[in-house]
Amino acid sequence: MINIVLFGPLGSGKGTQAKKIADKYGFIHFSTGELLREEIRKQTKIGKKIKSIVNSGALVPDDIMEEIVENFLKENCNTKGIIFDGFPRTLRQAKMLDEELEKYNLLLDLIIKLDVPEEIIKSRLLYRAQKEGRTDDNEAIISKRLKYYYRDTLPVLDYYKQTNKNIVSICGHRDVDIVFNDICLHIDKILLQKMQI
Ligand code: AP5
């Protein structure tokens, strides 16, 4: 089994690339953002609790996220692979993910960091707002989401460096398929290493 974290700011292409990886390799795409939006749409107990948080651009509390991830891993610890898209987003979530994976004798094989300049992020998300109307894709909320990214999520990268994780940085400001080809080179390398063990 292979476990990958797609890391990067809002609009860096995590969701786009995660879908392509899942299609090509048969891995499970675990998008916490999509999962939370689904809870909101269905007006579940969690959905009602988090609606205003997500719409304001803030992060959902760690204890809610941890319960979601714990349940997800219980059901999916025996698959070909998982791509974590949008999780972990805080230091506490990152430590929790390591601990949970360890329970199943698993670890994170690869952290793919997508680099995209802030002005490109903003223009991508404002364009998406016109097409799809996501409630958190407006200028004020985008700025807030960026603030949370720098304050809470970026430190996760330092944690991964300190714990000697396999991190690769990829320029995400290129054609979708070119970015994807680069990502595949790294995934293929890991798969090859696993076959040789
Ligand atoms: P989430 O849904 O995870 O949003 P995000 O991280 O802000 O990610 P985005 O979907 O905006 O961007 P992306 O990097 O996936 O890029 P995408 O491929 O979509 O989270 C939403 C909210 O949920 C959070 O704010 C928070 O409230 C809550 N939440 C989620 N997870 C949480 C957690 N773990 N803890 C606490 N709270 C949590 O692409 C963006 C656009 O760019 C698209 O239109 C796409 O078509 C376009 N695009 C992509 N790649 C390219 C390219 N190479 N060239 C041109 N355009 C491109």
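Mentor: Start with helix α1, residues 14-25, and helix α8, residues 176-196. Their axes come within 10 Å and cross at roughly 50 degrees. Keep in mind that this model is predicted.

Trainee: What two values describe a pair of packed helices?

Mentor: The angle between the axes and the distance between them.

Trainee: Why is α1 called oblique to α8?

Mentor: Set the angle against the cut-offs. The axes cross at roughly 50 degrees. Roughly parallel needs an angle under 35 degrees, and roughly perpendicular needs 65 to 115. Roughly antiparallel needs over 145, and the rest count as oblique. Therefore α1 is oblique to α8.

Trainee: In which hand does α1 pass α8, left or right?

Mentor: The crossing of α1 over α8 is right-handed.

Trainee: Which residues of α1 and α8 make the contact?

Mentor: On α1, they are Thr-16, Gln-17, Lys-20, Ile-21, Lys-24 and Tyr-25. On α8, they include Val-176, Phe-180, Ile-183, Cys-184 and Leu-191. By class, nine residues of this contact are nonpolar, two are polar and four are charged.

Trainee: What makes Tyr and Cys fall in the nonpolar class?

Mentor: The class list does. Tyr and Cys are both on the nonpolar list, while Lys is on the charged one.

Trainee: Now α4 and α5. How do the axes of these helices cross?

Mentor: Helix α5 spans residues 91-103, and helix α4 spans residues 62-76. Their axes come within 11 Å and cross at roughly 25 degrees.

Trainee: What makes α4 and α5 parallel or oblique to each other?

Mentor: Use the cut-off again. An angle under 35 degrees counts as roughly parallel. Here the angle is roughly 25 degrees. Therefore α4 and α5 are roughly parallel to each other. The crossing of α4 past α5 is right-handed.

Trainee: Which residues of α4 and α5 make the contact?

Mentor: From α4, Asp-62, Asp-63, Met-65, Glu-66, Val-69, Glu-70 and Leu-73 take part. From α5, there are Arg-92, Gln-93, Met-96, Leu-97, Glu-100, Leu-101 and Lys-103. The classes are six nonpolar, one polar and seven charged residues.

Trainee: Are Cys-184 and Cys-77 buried or exposed?

Mentor: Buried means under 20% relative accessible area. Cys-184 has 5%, so it is buried. Cys-77 has 19%, so it is buried too.

Trainee: Is Asn-76 buried or exposed?

Mentor: Asn-76 lies in helix α4. Its relative accessibility is 13%, so Asn-76 counts as buried. Leaving aside neighbours within four places in sequence, Asn-76 is in contact with Met-1, Ile-28 and Ile-82.

Trainee: Last, the loops. What makes the phi of Asn-105 worth noting?

Mentor: Phi of Asn-105 is near 60 degrees, a positive value in a residue other than glycine. Asn-105 is in the loop between α5 and β4. Exposed means over 50%. Asn-105 has 75%, so it counts as exposed.

Trainee: Where does Asn-164 lie?

Mentor: In the loop between α7 and β5. Asn-164 has a positive phi of about 55 degrees, and it is not a glycine. Its relative accessible area is 69%, so Asn-164 is exposed.

Trainee: Is the peptide bond from Phe-87 to Pro-88 cis or trans?

Mentor: It is cis, with omega near 0 degrees. Pro-88 is in the loop between β3 and α5.

How values were computed:
Residues are numbered from 1 along each chain as its sequence is written. This is a predicted model: local features need pLDDT of at least 70, side-chain atom pairs count only at pLDDT 80 or more; totals for chains, interfaces and linings use all residues. Side-chain values use heavy atoms; hydrogens and water are left out. Axes are lines fitted to C-alpha atoms, for helices over the stretch in contact, and angles run from 0 to 180 degrees between N-to-C directions. Helices (H or I, at least four residues) and strands (E, at least two) are DSSP runs, numbered from the N terminus. A crossing is left-handed if the near helix is turned anticlockwise from the far one by less than a right angle, and right-handed if clockwise. Contact means heavy atoms within 4.5 Å. Buried means under 20% relative accessible area, exposed over 50%, partly exposed in between (1.4 Å probe, protein chains only).
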